[in-house]
Each structure stands twice: as structure tokens, then as C-alpha cells.
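Work through the exercises below with the sequence and the coordinates side by side, and try each task before reading its solution.

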Amino acid sequence: MSYPKQFLNFYINSSIHVALSVCALTLVTLFEFNVGVNKDFLYFLFFATITGYNFVKYFGVAKFHHRKLANWLKSIQVFSFFCFLLMCFFGLKLPFKTQLFILGFAIITFFYAIPFLPKHFFVDKQHNLRSIGGLKIYLIALVWSGVTVFLPLINENFNVDIFITGIQRYMYIIVLMFPFEIRDLRFDSLKLSTIPQKIGERNTKIIGASLVLVILILECFKDKIVIENICVLSTVLAITLVFLLVAKKNQGKYFSSFWVESIPIFWVILLLLVS
């Protein structure tokens, strides 16, 4: 395997790309509400996302097989450890109120991967939140919307626009995850009851298109309407919808994990270009 491809695989598998997407959505919120960028918070969010995602993805793989781990997984473990240290460093620099809310999201992430509830709640032997049928996509959307909308605005005066943005972001994350859920139809247990499993690919895409329309309509109900932001949002939603409509079970390796997750980064770039 060539070095550029090795780097790309590490970049994706180590959750650097998804961390940049989370930071990008946070910047979208800060730009929309004209709030100054707290670099310590962004650094914390970046390293916390890497730590959290790698913990969720690789905990079950790594917990009993430390000596047998493949080299790529060992390197991700080492990388994640240093990201955890940096997460703690920047987290301690944040206001106490912010730290309390972060603790809540950290608890959700922890129990998302760690077994803790009775067996009858789950579809497999993992006994964690991730294994509760039908819950996964809504839980991820809740955490992402909370972290990228409400958390960066925690010290601002909450108003209707903020709550509308939170609802929009929640729905947008669900739409953004649909290509992943369609891809995972080949691998997921039927007991997970994902949306594509329950209603099929076609109906999933119809729901996604409907959510995109609702997100755009909600933008018109905000007290402060900025034409540039609406144009950018419309462009981003159109791109997201195209990716959703062409998504399929046998999609390319990087279709969802790189290109779909790049849309929030493109969103920030568009906002910077029009500002």
C-alpha cells in the first residue's frame, strides 16, 4: 500500500476527519451567531472527538487483545492516548459551567460503549447504549447537536434562533448519517432496527429529503435572517441531498467516511468565502 493511501486510512480510522467535521459544525454555529472563537474550546473539542470516537470504535476490539493487535490499531491507541492527554489539558482551561455540560456528554459517550444495563434491552452481547435497537442514530444526533450548537453558545443568552438551530442541526446529523446506515446494511444485525432496515433504502432517502426541506423552512422562522447564510445553507443541503440520493449498500470505501463527512468542512469554507 502506498504511503499516501496509508496516511489517508490512518487519517480516517483514527477519527481525525470526523473531529475536523465536528469542529467545522461548531464554527458554523459561532459564525452564524457572531460569537468569538474560543481556541481552547475548539482544541478540546478536536481532541475529545478523537478520544471519544476511538474509544467507542475500538474498545470492544482492543480490551482483551492487547498483545495481538495489528500495528495500525496499536498506532491508533498510542495516538488516542496523546489526544486524551491534550483533551484533559485544554478541558481544564474551560469555564466550570462548560465542563459540567461536557461531563454530561462524556457520560453518554462512555455508556455508549461500556456494558451497564440488563441483557433484555439489547440486540447482542455488548449490553451498551450502542446496542439498543433503533437508538444509535438519535443518540449520535443528540450529542452532535448538543456539542456543536448549545455547548459553544452556553455563555450566550439563549433565544429562539439558538433552539431552532439546535433542532436543525439534530435533523441535519440524522440526514448526514443516512449514507452510513445504508452502507452498513451489509453488516448490521437486523435486530439493530436502523431506519434503512425498518423502511428500506428508498423510504430512508424520502425521509432524508423531507428533513432537508424542513431544515430549510425552519431557517425562515428565525428572528435574524441573513441572506448569505440561507444561500450557503441551501447549497450545503443540496450537496448533502445529492450524496444521500446516490448512496447505496455497495458504495466506495471513502464515499461516506471521507466525502460525506467532508460536507461540514465545506460548509465552513463557504461561510468564510461569503463573509
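**Exercise 1.** Locate L135 relative to the helices around it, and decide whether L135 is buried, partly exposed or exposed.

*Solution.* The model is a predicted one, and in it L135 is found in the loop between α5, residues 96–113, and α6, residues 136–150.

**Exercise 2.** Determine whether T98 is buried or exposed, and find which residues T98 is in contact with once its neighbours within four places in sequence are left aside.

*Solution.* Begin with the position, which is in helix α5. The relative accessible area of T98 is 4%, and because the limit for buried is under 20%, T98 counts as buried. With the neighbours within four places in sequence left aside, the contacts of T98 are F41, L151, I154 and N155.

**Exercise 3.** Describe how helix α8 is placed against helix α9, and list the residues that make the contact.

*Solution.* Two packed helices are described by the angle between their axes and the distance between those axes. Here the axes of α8, residues 195–219, and α9, residues 227–246, come within 10 Å and cross at roughly 175°. An angle over 145 degrees counts as roughly antiparallel, and therefore α8 is roughly antiparallel to α9. On the α8 side the contact is made by K205, G208, A209, V212, I215, L216 and E219, while α9 contributes I230, L233, S234, L237, L241, L244, L245 and V246. Sorted by class, this contact has 11 nonpolar, two polar and two charged residues.

**Exercise 4.** How many cavities of 30 Å³ or more does a search of the whole structure find, and which helix gives the most to the lining of the largest cavity?

*Solution.* The search finds two such cavities, and the largest has a volume of about 170 Å³. Its lining consists of 14 residues, of which V28, E32, E219, L233 and W267 are the closest to the centre of the cavity. At least two lining residues come from each of α2 (16–32), α7 (160–183), α8, α9 and α11 (263–274), and α7 gives the most, with four residues. By class, the lining of this largest cavity divides into seven nonpolar, three polar and four charged residues.

Terms used
Residues are numbered from 1 along each chain as its sequence is written. This is a predicted model: local features need pLDDT of at least 70, side-chain atom pairs count only at pLDDT 80 or more; totals for chains, interfaces and linings use all residues. Side-chain values use heavy atoms; hydrogens and water are left out. Axes are lines fitted to C-alpha atoms, for helices over the stretch in contact, and angles run from 0 to 180 degrees between N-to-C directions. Angles under 35 degrees count as roughly parallel, over 145 as roughly antiparallel, 65 to 115 as roughly perpendicular and the rest as oblique. Contact means heavy atoms within 4.5 Å. Ala, Val, Leu, Ile, Met, Phe, Trp, Tyr, Cys and Pro count as nonpolar, Asp, Glu, Lys and Arg as charged, and the others, Gly among them, as polar. Buried means under 20% relative accessible area, exposed over 50%, partly exposed in between (1.4 Å probe, protein chains only). On a 1 Å grid over the protein atoms alone, a cavity is a set of points where a 1.4 Å probe fits but cannot get out, and a pocket is an open set with protein on both sides within 12 Å along at least five of seven lines; lining residues have an atom within 4 Å of a point. Grid points are joined across faces, edges and corners, and a volume is the space filled by probe spheres set on the points.
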